[in-house]
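Thanks for coming, everyone. Please put the model up on the screen, and I'll walk you through it.

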Amino acid sequence: MTLHLPPNSVRLAVLGANGRMGRTVVRLAHAAGMHIVCAVGAGDEGRDAGELAGIGPIGIKVVADAHALVSSRANVVIDFSAPAALVHATTICAGAGIAIVSGTTGLDDVAKGALDVAALKSAVLWEPNMSIGVHVLTSLVEKAMEALGPSFDVEVVEVHHRAKVDAPSGTAIRLGDVVKHARHGHYVHGREGGPATQTRRGRHACRSRR
């Protein structure tokens with residue numbers, strides 16, 4: 001299913017509207033001339049989504065109930081929330097034919113299955129990292145695996161702000177998966193000390209080795 005709508009005719013809903021990424025989506029969508037019709041979030045209920053995003057009032061208040069997506073007659077929901085919130089909203093969107101674009105990470109098999117079911121009824125795009133740079137990096141990692149061969153170990157180390165919810169992040173897992181699939185290896189999470197005394201404490205890392 002493909003949506004062919006000019007920006008000013010898109011009726012956009014934001015799930016996780018009061019979060020860091022949700023506020024960014026509200027700002028960018030408003031600047032692009034999209035019609036924001038619904039803002040769903042856990043917390044900040046009753047506050048104007050535009051004020052939370054720093055662009056001034058837009059007349060859309062944050063609500064906690066995802067069923068508001070249906071009554072808003074949204075064409076598409078942009079989601080940067082949490083796995084449980086996404087699963088709940090996915091069922092609602094599938095029933096109403098609302099397209100879903102989600103960047104929520106940390107999904108388990110149940111959540112991914114819910115997206116697969118929703119995709120039978122409406123357009124669904126799930127991508128744990130939507131950065132063009134990360135997709136280029138993924139391609140470069142694949143090429144590096146081919147060039148370096150099995151004698152090289154690979155370690156993915158990441159640093160985030162202290163409010164980051166999931167660790168390892170979706171980006172680290174994506175890069176780790178590229179390595180793991182190329183090497184048929186396995187993950188080792190976190191290292192401290194020498195090879196004989198490594199523990200699971202310390203920094204979050206995603207490591208795949210032969």
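In which helix is Leu140 found? Leu140 is found in helix H6, residues 132-148. Helices here are DSSP runs of H or I with at least four residues, strands are DSSP runs of E with at least two, and both are numbered from the N terminus.

Some ground rules. This is a predicted model, where local features need pLDDT of at least 70, side-chain atom pairs count only at pLDDT 80 or more, and totals for chains, interfaces and linings use all residues. Residues are numbered from 1 along each chain as its sequence is written, and side-chain values use heavy atoms, with hydrogens and water left out.

Now confidence. pLDDT is the predictor's confidence in each residue, from 0 to 100. The protein averages 85, and 87% of the residues score at least 70. Watch residues 198-210, where pLDDT stays under 50. Where pLDDT is low, the predicted coordinates should not be read in detail.

Next, the overall picture. The protein has 7 helices and 9 strands. Of its 210 residues, 38% are buried. Buried means under 20% relative accessible area, exposed means over 50%, and partly exposed is in between, using a 1.4 Å probe and protein chains only.

Look at helix H4, residues 83-96. Its 14 residues reach 20 Å from first C-alpha to last, close to the 20 Å expected at 1.5 Å a residue. That expected span is 1.5 Å times one less than the number of residues. Which residues of H4 are buried? They are Leu86, Ala89, Thr90, Ile92, Cys93 and Ala94. Their cover includes strand E1 (11-15), helix H3 (68-71) and helix H5 (109-118). After H4 comes Gly97, with a positive phi near 70°.

On to salt bridges. A salt bridge puts a side-chain nitrogen of Lys or Arg within 4 Å of a carboxyl oxygen of Asp or Glu. How many does the structure hold? It holds 2.

One joins Asp44 and Arg47, at 3.5 Å, N to O. Asp44 is partly exposed, at 29% relative accessible area. Arg47 is partly exposed too, at 42%.

Glu127 and Arg174 also meet in a salt bridge, at 3.4 Å, N to O. Glu127 lies in the loop between strand E6 (124-126) and H6, and Arg174 lies in helix H7 (residues 170-183), so the pair ties together parts 47 residues apart in sequence. Glu127 is buried at 13% relative accessibility, while Arg174 is partly exposed at 27%.

Conventions. Contact = heavy atoms within 4.5 Å.
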